[in-house]
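Here is a short report on one chain and the molecules modelled with it. Keep the structure open as you read.

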Amino acid sequence: MTTTRDDSGAVRRYSRPARLFHWLTVVMVVVLVIISLFMEALPLGPEKFLLYNFHKSLGLTVMVIALLRLVWRRITPPPPLPVAMKPWERSCARASHAMMYILLLVQPVVGVVHSWATDYPIVVYGLFAIPNPMSADAALKELLEEVHEILGWGLVALVAVHVAAALKHHIIDRDDVLHRMLPSIKPRDGG
Ligand code: HEM
Ligand code: HEM
């Protein structure tokens with residue numbers, strides 16, 4: 001078994017805010033992807049408007065949280081990975097985390113510009129509307145619809161690999177990688 005322990009034997013975990021931001025992001029991404037599955041099929045009307053704008057609001061919140069996470073990461077860097085991890089595994093972990101951050105930042109921007117190009121409003125949690133600085137553009141709308149779809153399902157695929165990797169660490173490698181991101185659970189013995 002491989003661990004990332006400090007001198008007292010405690011698992012070095014992600015800081016509390018980092019863990020909170022991670023799991024908030026997970027809940028919000030799951031909800032906004034589920035919403036996206038059926039919002040398009042709804043007939044035009046207030047429900048469709050509400051659901052689209054809830055998707056947009058959650059997406060923007062995810063983007064703000066991703067920015068906060070990156071700032072927080074600079075202040076409080078993640079704990080080191082287990083020493084037993086091979087260089088290629090470390091590179092894959094780093095690359096997949098970077099890719100997820102990029103998608104969490106770029107996907108909402110694509111969504112916003114898509115909404116501008118369709119000239120549909122973006123009403124954030126029913127509180128205020130984000131002004132639209134451009135006029136409707138059918139070609140741009142088509143393009144960004146495709147891009148948003150590809151990036152959205154790309155993120156889902158990446159998350160599936162990410163979850164599989166976390167479970168592999170936990171079940172097969174039996175290390176503390178998953179514990180580093182969990183709320184407060186007794187770490188594995190030994191190490
Ligand atoms: C991380 C944030 C986001 C994720 C993961 C995400 C994901 C998705 C997914 C998976 C779809 C369905 C694509 C399809 O199969 O056609 C979708 C549709 C859509 N999203 Fe997002 N989205 C995010 C943020 C946003 C934001 C911030 C906006 C706008 C402000 C937005 C606007 C839309 C719109 C308008 C559609 C429907 C597009 C159409 O009519 O085909 N999204 N989104
Ligand atoms: C929408 C779903 C998810 C997204 C977008 C996501 C994103 C991320 C990102 C960006 C990081 C890097 C954090 C950093 O170092 O700053 C991370 C780390 C981590 N995630 Fe997720 N995650 C998701 C779901 C999950 C789930 C369901 C699990 C558990 C089964 C999980 C377990 C972990 C673990 C253990 C780490 C730490 C890895 C390490 O120490 O290198 N994630 N996640």
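How many helices and strands does the chain have? The chain has four helices and two strands. This is a predicted model.

## The overall plan

The elements run α-α-α-β-β-α. Helix α1 covers residues 16-39, and helix α2 covers residues 46-75. Strand β1 takes up 123-124.

Now look at the whole outline. Along the principal axes, the C-alpha atoms fill a box of roughly 60 × 30 × 30 Å. The chain holds 191 residues, and 18% of these count as buried. Consider next the contacts between residues at least 6 apart in sequence. Of these, 71% join residues at least 24 apart.

## How α1 meets α2

Begin with the pair α1 and α2. Their axes come within 9 Å and cross at roughly 155°. An angle over 145 degrees counts as roughly antiparallel. The two helices are therefore roughly antiparallel to each other. The crossing of α1 past α2 is left-handed.

What kinds of residue make this contact? The contact of α1 with α2 has 18 nonpolar residues, five polar ones and two charged ones.

## How α2 meets α3

Helix α2 also crosses α3. The axes of α2 and α3 come within 9 Å, and the crossing angle is roughly 145°. This crossing is left-handed.

Which residues make the contact? From α2 come Lys56, Gly59, Leu60, Val62, Met63, Ala66 and Leu70. From α3 come Tyr101, Leu104, Leu105, Gln107, Pro108, Gly111 and Ser115. By class, the contact of α2 with α3 has nine nonpolar residues, four polar and one charged.

## Around ligand 1

Turn to the ligands. There are 25 residues around ligand 1. Those that come nearest are Ser36, Lys56, Gly59, Gly111 and Gly152. Two or more residues of this shell come from each of α1, α2, α3 and α4.

Which element gives the largest share of the shell around ligand 1? Helix α3 does, with seven residues. The shell around ligand 1 divides into twelve nonpolar, nine polar and four charged residues.

Some names here have come up before. Lys56, Gly59 and Gly111 belong to the contact between α2 and α3. Lys56, Gly59 and Gly111 are also among the residues that come nearest to ligand 1.

## Buried or exposed?

Pick out a few single residues. Val30 lies in helix α1. Is Val30 buried or exposed? Val30 counts as exposed because it has 12 C-beta neighbours inside 10 Å, and 12 or fewer is the cut-off for that class. Val30 and Leu167 are 137 residues apart along the chain. Their C-alpha atoms are separated by 18 Å.

Ala165 lies in helix α4. Around Ala165 there are 16 other C-beta atoms within 10 Å, so Ala165 is partly exposed. Ala165 and Glu89 are 76 residues apart along the chain, and 9.9 Å separates their C-alpha atoms.

## Two positive phi angles

Check the backbone at Asp119. Its phi is near 65°, a positive value in a residue other than glycine. Where does Asp119 sit? Asp119 is in the loop between α3 and β1. With 12 C-beta neighbours inside 10 Å, Asp119 counts as exposed.

Arg174 is another case. It has a positive phi of about 50°, although it is not a glycine. Arg174 is found in the segment after α4. Arg174 has 13 C-beta neighbours inside 10 Å, so it counts as partly exposed.

How values were computed. Residues are numbered from 1 along each chain as its sequence is written. Chains are lettered from A and ligands numbered from 1 in the order in which they are written. This is a predicted model: local features need pLDDT of at least 70, side-chain atom pairs count only at pLDDT 80 or more; totals for chains, interfaces and linings use all residues. Axes are lines fitted to C-alpha atoms, for helices over the stretch in contact, and angles run from 0 to 180 degrees between N-to-C directions. Angles under 35 degrees count as roughly parallel, over 145 as roughly antiparallel, 65 to 115 as roughly perpendicular and the rest as oblique. A crossing is left-handed if the near helix is turned anticlockwise from the far one by less than a right angle, and right-handed if clockwise. Ala, Val, Leu, Ile, Met, Phe, Trp, Tyr, Cys and Pro count as nonpolar, Asp, Glu, Lys and Arg as charged, and the others, Gly among them, as polar. A residue is near a molecule or strand if its C-beta atom, placed from the backbone, lies within 6 Å of it. Two residues are in contact if their C-beta atoms, placed from the backbone, lie within 7 Å. A residue is buried if 20 or more other C-beta atoms lie within 10 Å of its own, exposed if 12 or fewer, and partly exposed in between; C-beta atoms are placed from the backbone.
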